[in-house]
Amino acid sequence: MKAMRSAVLAGVCVSATLSSSEATSPTVAQSGEVITGIVAEVYDGDGLWFEDGDGNRNTNLAVRLFGINAPEMKAPGGQAAKMFLSQRIKGQHARCVVQKIDSYHRPVAVCADAAGKDLSCAVVWAGHAVPTEERYYPCDRRRLPPSGPPPF
């Protein structure tokens, strides 16, 4: 028998279908889970923070964008990448589908804005990140210039 688990933390929702034995465990994002909410902060060109509601910024839910690599904050282009992503999504609703958990125990997710536009693709298209997954190669104008409007 399966049970649906959903945890809401001040507008952040993490949900998944789990076996009944897992339904009582603490909420930890796993592959396939969906994270939705308002993006409280952008910490770099490929990372978001969702406010968890406890008033402690250090415990906000960090999510890394899947399939891309943006420069680190102190590297050339790092501040510009953060500014682009911040202007694109900070204070707005995002929906992320977790693909895996990284070595820092953060969910790595495919995230989209309220209109369903892929945030990883937007950052790559704007030239602030490089794709690390094949699905984002068409978003890289330097690699394969698509015709028409941006794909994000």
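**Close-up 1. Ala126 and its contacts away from the local chain.** Leaving aside neighbours within four places in sequence, Ala126 is in contact with Phe84 and Arg141. This view, like those that follow, comes from a predicted model. You can find Ala126 in the loop between α2 and β9, a strand at residues 130-131. Is Ala126 buried, partly exposed or exposed? With a relative accessible area of 27%, Ala126 is partly exposed. Look for Asp140 as well: 14 residues separate Ala126 and Asp140 along the chain, and their C-alpha atoms are 8.3 Å apart.

**Close-up 2. Helix α1 and its two faces.** Here we turn to α1, a helix of 12 residues. From its first C-alpha to its last, α1 reaches 17 Å, close to the 16 Å expected at 1.5 Å a residue. Which residues of α1 are buried? They are Gly78, Ala81, Leu85, Ser86, Arg88 and Ile89. Seen down the helix axis, these buried residues fall within an arc of 165°, so they line one face of α1. The buried residues of α1 pack against β3, β4, β5, β7, β8 and α2. Just after the helix comes Gly91, which takes a positive phi of about 80°.

**Close-up 3. Strand β5 and its partner strands.** Strand β5 covers residues 61-65, and four of its five residues are buried, so the strand is largely enclosed by the rest of the structure. How does β5 run relative to β4, parallel or antiparallel? The two strands run antiparallel, and four bridges join β5 to β4, which spans residues 47-50. To find your place along this pairing, look for Trp49, which stands opposite Ala62 of β5. Strand β8, residues 107-113, also pairs with β5, this time in the parallel sense over two bridges. On that side, the bridge partner of Leu65 is Ala109 in β8.

**Close-up 4. Leu65 and the largest nonpolar core.** The largest nonpolar core has 28 residues. Which of them touch the most other members? They are Leu48, Phe50, Leu65, Ile89, Cys96 and Cys111. The elements giving two or more residues to this core are β3 (34-44), β4, β5, α1 (78-89), β7 (93-101), β8 and α2 (119-125). Not counting residues up to four places away in sequence, Leu65 touches Gly45, Asp46, Leu48, Leu85, Val108, Ala109, Cys111, Leu119, Ser120 and Val123.

**Close-up 5. Aromatic pairs.** How many aromatic pairs are there? The count comes to two. Tyr43 counts as buried, at 15% relative accessibility. Phe66 and Tyr136 form an edge-to-face pair, with 6.4 Å from centre to centre and 65° between the planes. Phe66 lies in the loop between β5 and β6 (68-69) and Tyr136 in the segment after β9, so this pair ties together parts that are 70 residues apart in sequence. Phe66 is buried, with a relative accessible area of 11%. Tyr136 counts as buried too, at 1% relative accessibility.

Definitions and conventions. Residues are numbered from 1 along each chain as its sequence is written. This is a predicted model: local features need pLDDT of at least 70, side-chain atom pairs count only at pLDDT 80 or more; totals for chains, interfaces and linings use all residues. Side-chain values use heavy atoms; hydrogens and water are left out. Buried means under 20% relative accessible area, exposed over 50%, partly exposed in between (1.4 Å probe, protein chains only). Two strands pair if DSSP finds at least two bridges between them. A nonpolar core is a set of buried Ala, Val, Leu, Ile, Met, Phe, Trp, Tyr and Cys residues joined through side-chain atoms within 4.5 Å. Contact means heavy atoms within 4.5 Å. The expected span of a helix is 1.5 Å times one less than its number of residues. The arc is that of the directions from the helix axis to the C-beta atoms. Rings of Phe, Tyr and Trp (its six-membered ring) pair if their centres lie within 6.5 Å; planes under 30 degrees apart count as stacked, over 60 as edge-to-face and the rest as tilted.
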